[in-house]
Amino acid sequence: MSTPPLPESAAMRAGDSRRVLALALDAPSPRLLEQWIAEGLLPNLRALAKRSLVMPIHSQKQHSNEHAWVPVLTGRGRARWDHWLDRWRPEAYSFEEASLFDWIQAPMFYALGSRRRVVAFDLAAPVVPGVEGVQVTGFAAELNESFPQSDPGALIDRLVARYGIDPKTGDAQRTVNAVSGREGVSWTVPCAYDVPRMREFSHALVRSVERRTAACLELMREERWDLFVAGYSEVHTAGHILWHLSQPHPLQVLREAGEPDPLLAVYRAVDRSVGELVRAAGAESVVFFTLDATVTDSLENTRVMFLPEFLYRRRFGRAALAEGDASRPPPPPRLDYREHWKHEIWRLRTAWGEADLESPALQQSRGDPLGWCPANWYRPLWPRMEAFALPSVADGYVRLNVRGREAQGRVDPADFAVLSERLAAEISTLVNARTGEPIVREVVRVRSDPFDADPKKPPADLIVVCREDGPVDVVDSPLVGRIGPVPYFRTSAHQSHGALLANHLYVSGPRAGAPRVRTGPGRLEDVPATILELLGVERPPGFDGVSVLA
């Protein structure tokens, strides 16, 4: 790759050798990361920690699907979002989910113009203006909806031609995001019960790390840069998909005795990659940080299966999916599922479900990107319901069908508050049929006025927050009976509403000072501020973060 001559910049002035390598590990388990480093299973991260300033960085989520990348990329706290991007169209009863790539509502911290030359590799962000250097995104994204692109524009195609496609996307399909209109690709989550496929998936993620490393090494060699910032998505994906074959979970019985830990294999691949990139970069300063976290799943089935079915039964007095008998103990969990989760859930439909719901096949045939999600199958019924569950990627979403707001509203606005309270109480009656324990921690009221159009608020009127007691495959309700058992989907999830996430930050190099451990936490938005200080660049106006070196 030929590199054009650089214009005169602060980074090129005589005596200024500040180069920074920044590596982001997306959504590990903080507990496992610390454990495996302590056990010597991640030797490169252990060595990096020993020569670094090490400190926790905390992130306070208000909802489990708030995006941890936003403060890291922009240096601004989540409270300063301009608007919520998921869209509800009340005239059409249509819910449209925004891509993470479109949530960025402030300049990227690395959009430094001629002040510094940057390589930004595979962060959860689109290509943006104001970056002198190279940007690559969507090379191997965690998202089921990703958008490969680069600047220069031909670079992404050349890297893919040289190193191959993302190994986990062998069945990739084209998709168009409903909010942005951006064209991308989508991959299919494999069945958690198919152990041979799980092993293949673990191997694919290891190859993905190796592919990522090779591409980064090429760019390090052939580009001139002051800041090289790159992200690892594979641990995030591995946590969601492989958790049950590594950590305590009802499906851990599927793992054969003596079988290697497939989740650890992905962590170790990342550790090897970090070692290679640090050695090759020759950077004066190295910043390694984590953002977000994964834990044992407690909400996948609840948010998009149990919640919409509960609201359907509440309204119509019959079951559409997964009818069970609450008078008897739950049957033992089945272990013979082999199809994608959506197909196995659809097989649990009743005659009423066949008549009332839209099938995933029908929705996907017309290009609905949410056709995989059971909550979306109830869409034809939403105009006839008082309240319904919207598709969501984390906590449960409930929308009330309000007269004068929705096109065919059924709820008098004067009854909005009373009905919201009643629904919150009724939803809270759901219990795990295997333990008898409630599955809902709280139901959050998003708005007291149904016509509150604050753009920072999500379209849900109620957010259902699950307890983090572990996976749930069957629930009982005194109001609607038993729902389930149903198969498990992804076996780890993100922490929920109000969770204080403890992430990690390592900073090494002469400007970081002597190796040490600090107990006082920083914030995610402090990470880009620290990187800018290491580069010798002033923080831009509107930055909330401060350098941890100050």
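**Helix pair**

I checked H5 (residues 195–222) against H6 (residues 234–242): their axes come within 10 Å and cross at roughly 175°. Axes here are lines fitted to C-alpha atoms, for helices over the stretch in contact, with angles from 0 to 180 degrees between N-to-C directions. H5 and H6 are therefore roughly antiparallel (over 145 degrees). Helices are DSSP runs of H or I with at least four residues, strands are E runs of at least two, and both are numbered from the N terminus.

Next I listed the contact (heavy atoms within 4.5 Å). H5 brings Met 198, Phe 201, Ser 202, Leu 205, Ser 208, Val 209 and Arg 212, while H6 brings Glu 234, Thr 237, Ala 238, Ile 241 and Leu 242.

**Ground rules**

This is a predicted model, where local features need pLDDT of at least 70, side-chain atom pairs need 80 or more, and totals for chains, interfaces and linings use all residues. Residues are numbered from 1 along each chain as its sequence is written, and side-chain values use heavy atoms, without hydrogens and water.

**Cis peptides**

I found a cis bond from Asp 151 to Pro 152, omega near 5°. Pro 152 sits in the loop between strand S8 (149–151) and helix H4 (155–163). Gly 484 and Pro 485 are also joined by a cis bond, omega about 5°; Pro 485 is in the loop between strands S21 (481–483) and S22 (492–494).

**Positive phi**

Ala 27, not a glycine, has a positive phi of about 55°. I placed Ala 27 in the loop between strand S1 (20–26) and helix H1 (30–38). Ala 27 is buried (under 20% relative accessible area), at 0%.

Key. Parallel < 35°, antiparallel > 145°, perpendicular 65-115°, else oblique. Buried < 20%, exposed > 50% of the residue type's maximum accessible area, 1.4 Å probe, protein only.
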